[in-house]
Amino acid sequence: MSQKRDLQAKARRMTHRVVIAGGGQAAGELAADLVDEVAAGRVSVTIIGDEAHPPYQRPPLSKKYLTGEIAADRLILRDHAFYDANAITLALGTRVTGIDRAKQEVAISSGAPIAYDTLVLATGARVRELPVPGADLEGVFYLRSIADADALAPYLSSDPDLGAGESEPRGPSSASPQVVVIGGGYIGLEVAASAHSKGAKVTVVEAAERPLARVASAPFAADVSELHRTRGVTVLCGASVTAIEGRERVAGVRLGDGRLLPADIVVVGIGVIPNAELAERCELDTQGGILVDGQCGTNDPAIFAAGDVACIEMPGIGRTRLESVQNAVDQAKHIAATIRQRCAAPGSAAPSPAANYAPVPRFWSDQFDARLQIAGLARGDEAIVKRVNGGGKSYWHYRDDTLVAVETLNDARAFMAARRLLEAGRTPPRDMIADGTQDLKSLMKET
Ligand code: FAD
């Protein structure tokens with residue numbers, strides 16, 4: 001108790017006030033990375049998040065949380081006791097409504113403005129809404145938050161008793177709900193796999209000619225489509241949705257070619273929009289996200305941005321936003337290092353300046369019992385070398401003579417090897433990769 005009082009007293013004598021707008025993955029990581037500075041009284045940290053929960057991980061929302069395999073407490077990154085014990089202020093259920101850059105303070109939805117020395121915008125992204133008639137009918141769901149997953153989960157079960165939230169029966173097919181997923185990106189496909197595993201009949205409708213068109217190569221996407229088809233999910237590509245039909249509740253999805261797909265529920269996963277409006281309103285530079293430099297800094301030296309909302313220059317790719325846990329965590333760590341450096345104790349050896357943020361991006365997705373892992377970033381115009389090893393497959397992307405990205409399906413070894421090679425900037429010969437019998441460890445030694 002006295003240790004906690006000590007920490008709080010030190011926090012009150014704060015020297016450097018860090019305010020984090022947004023309370024998700026990046027915010028949680030940044031706060032946790034600064035606990036030593038808070039304990040030393042050099043920094044105070046306030047997280048302002050509009051959700052009711054402390055920072056939590058979203059990936060299980062479309063996977064094991066949606067299927068009921070894990071409970072909500074497993075999503076929370078650190079519980080209230082952690083923030084309490086480390087004197088980190090959590091203002092939950094609170095929105096940042098404005099930024100006054102001259103006064104260095106943020107306005108919030110309830111209470112007095114909060115002053116900052118460093119402001120970190122970690123406001124993430126929100127779902128893109130489907131712009132067709134009927135999209136507001138009951139039974140149309142989106143998935144971004146715990147609240148969204150809690151609303152959706154009961155409708156996926158083939159057990160009618162579990163449809164607890166329903167005000168009306170699902171209709172004739174309630175024994176096995178018909179779910180139409182609009183959007184064949186990672187989240188749409190994960191929801192499809194989860195819904196199928198709960199007993200639903202699932203159709204994925206994708207406007208492009210193949211799923212994962214924005215984020216994966218054609219051969220990798222073909223493997224993923226095949227995975228779904230063999231499990232019994234219908235995947236319709238090149239299919240535009242013109243309306244959601246039904247009286248008060250969803251009854252079907254109308255396609256551009258006139259077909260009506262019967263549906264008890266519809267899940268829309270057509271991408272996200274970065275929550276960059278706060279930055280726009282106070283005239284920070286934005287361009288499809290908040291523009292940041294190699295230190296994750298905006299054009300105001302007191303303001304940083306991290307995670308889904310940040311738009312950063314990536315070598316060989318240009319300005320891009322990366323929507324992944326790895327990016328949110330690593331950008332948060334990068335900003336924490338800069339804050340540590342700015343707040344170094346007088347007389348202490350100042351840490352050397354952090355190098356520019358230049359990670360090898362990583363992403364994973366679980367669908368059915370398959371694990372997809374991606375390292376690096378492909379542009380889409382690279383030469384692809386396929387490697388098959390036992391049940392695992394991987395696609396190695398070469399831009400000119402340089403390895404730039406690898407997509408793996410059920411091949412954790414290939415993923416780890418690829419990650420190490422990419423991090424070391426090494427390129428294995430294509431013929432060695434194509435030969436699935438080559439041991440990846442020796443391959444790493446030889447290249
Ligand atoms: P978020 O975690 O979205 O946090 C932002 C928070 O800020 C939110 O709580 C938001 O409500 C709040 N906020 C916004 N505006 C304000 C405001 N003005 N004031 C206060 N609070 C505000 N990534 C992977 O790498 N692998 C996966 O398998 C994977 N699966 C995913 C599955 C789902 C269903 C979803 C939704 C995402 C998934 N992701 C996955 C992506 C990953 O979760 C995100 O990239 C990550 O959460 C981004 O972290 P963030 O902190 O930038 O944003």
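Thr97 is found in strand β4 (residues 96–100). Strands are DSSP runs of E with at least two residues, helices are runs of H or I with at least four, and both are numbered from the N terminus. The model is predicted: local features need pLDDT of at least 70, side-chain atom pairs count only at pLDDT 80 or more, and totals for chains, interfaces and linings use all residues. Residues are numbered from 1 along each chain as its sequence is written, and side-chain values use heavy atoms, with hydrogens and water left out.

Thr97 counts as partly exposed, because its relative accessibility is 38%. Buried means under 20% relative accessible area, exposed means over 50%, and partly exposed lies in between (1.4 Å probe, protein chains only). Leaving aside residues up to four places away in sequence, Thr97 touches Ala107, Ile108, Ser109, Leu278 and Arg281. A contact means heavy atoms within 4.5 Å. Arg144 is 47 residues from Thr97 in sequence, and the two C-alpha atoms are 21 Å apart in space.

Thr118 sits in strand β7 (residues 118–121). Thr118 counts as buried because its relative accessible area is 0%. Its side chain makes a polar contact of 2.6 Å with that of His16. Such a contact is a pair of N or O atoms within 3.5 Å; within protein, one must be able to donate a hydrogen and the other to accept it, and residues adjacent in sequence count only if both atoms are side-chain atoms. Not counting residues up to four places away in sequence, Thr118 touches His16, Arg17, Val18, Val19, Ala302, Phe304, Ile339 and Arg342.

In α2 (residues 25–33), 9 of 9 residues are buried. Among them are Gln25, Glu29, Leu30 and Asp33.

Now the whole protein. Its secondary structure comes to 12 helices and 26 strands. Of its 447 residues, 51% count as buried. The C-alpha trace spans about 70 × 60 × 40 Å along its principal axes. Among contacts between residues at least 6 apart in sequence, 61% join residues at least 24 apart.
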